[in-house]
Amino acid sequence: MTRLKPDTGRAGVVLAGGRSARFEDGDVALAPLGGRPLLVHAVEAVSPVVDEVVVSCRGDQRRRFAAALGESDVSFVVDPVDGVGPVAGLLTALRETDRLTAVVTGCDLPLVPSAFLGHLLDRVEQSTTASVVVRADGRTRPLPTAVNVRAAAAAASEALDTGGTLRDVVESLAPVVIPERHVAATVGTERLLTVDTRADLARAEAALARRGESGSPGGPSGAGGVRSNGR
């Protein structure tokens, strides 16, 4: 991992501490897609465009996640309070890094291309906003998002104190919203499929098969139709 000065560079945060309440018989992060766990897809999508990767999880997940990720260069942070939701995990992860910006995604978003995540980081770094989000399926999505680390940590801390949600954190940062037409034209909205259920997993498998992929979520080139400043 490259050692950088504080408040420089990019972090990737993968939120993976959920209870998978809607996913039958197992942890969604470890569910196989194309022969590999969803968590691996998410980490591999983030890794090429950031300087460090932080995985947020529960204490009882850490050993299994480390085994699934093998030699991947990641650090883990454990959710400080079980059952609070992703805001606590996000806050802990943001406090763990001293990078300037971060792209935040979930283990349940296995199809997002690397270059699209890099594009979100490019946008937040080139503007005065503290966050960039996307619109898909007629709604603004809290994930994936690119954020200014310090601003997002402050917003997450406030949301945790007031019982706010991940969406509240993102919206408090007055984000730039990438229009759905742009998402559809560049990467396709199916790449933002969230895997919450076994049926969702089947749809993700079908999407993977249509693209002839068995590896990287970004496809053979990782491009996903969007140019990005790779790291």
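Biologist: Which residues line the largest cavity?

Modeller: In this predicted model, the lining is made up of Leu90, Val104, Leu143, Thr145, Val147, Ala152, Leu166, Val169, Val170 and Leu173. Two elements, strand E8 (139-148) and helix H6 (166-172), each give two or more residues to that lining.

Biologist: What makes this space a cavity rather than a pocket?

Modeller: It is called a cavity because a 1.4 Å probe fits there but cannot get out. The search of the whole structure finds 1 cavity of 30 Å³ or more, and about 50 Å³ of space lies in the largest cavity.

Biologist: How many residues of the lining are nonpolar, polar or charged?

Modeller: The lining has 9 nonpolar residues, 1 polar residue and no charged residues.

Biologist: Why is strand E1 called mostly covered?

Modeller: Buried means under 20% relative accessible area, and in strand E1 (residues 10-15) 6 of its 6 residues are buried. Side chains in a regular strand alternate between the two faces of the sheet. In E1 both faces are covered, with Arg10, Gly12 and Val14 buried on one side and Ala11, Val13 and Leu15 buried on the other.

Biologist: How do you know that E1 pairs with E6 and with E4?

Modeller: Two strands pair if there are at least two bridges between them. There are 6 bridges from E1 to strand E6 (residues 101-106), running parallel, and 5 from E1 to strand E4 (residues 52-57), also running parallel, so both count as pairs. Val13 has Val104 as its bridge partner in E6, while Leu15 stands opposite Ser56 in E4. Val104 is also one of the residues lining the largest cavity.

Terms used
Residues numbered from 1 in each chain as written. Predicted model: local features only at pLDDT ≥ 70, side-chain atom pairs only at ≥ 80, totals over all residues. Heavy atoms only, no water. Buried < 20%, exposed > 50% of the residue type's maximum accessible area, 1.4 Å probe, protein only. Helix = DSSP H or I, 4+ residues; strand = E, 2+ residues; numbered from the N terminus. 1 Å grid on protein atoms, 1.4 Å probe; cavity = no way out; pocket = protein on both sides within 12 Å on 5 of 7 lines; lining within 4 Å. Points joined across faces, edges and corners; volume = space filled by probe spheres on them. Nonpolar A, V, L, I, M, F, W, Y, C, P; charged D, E, K, R; others polar.
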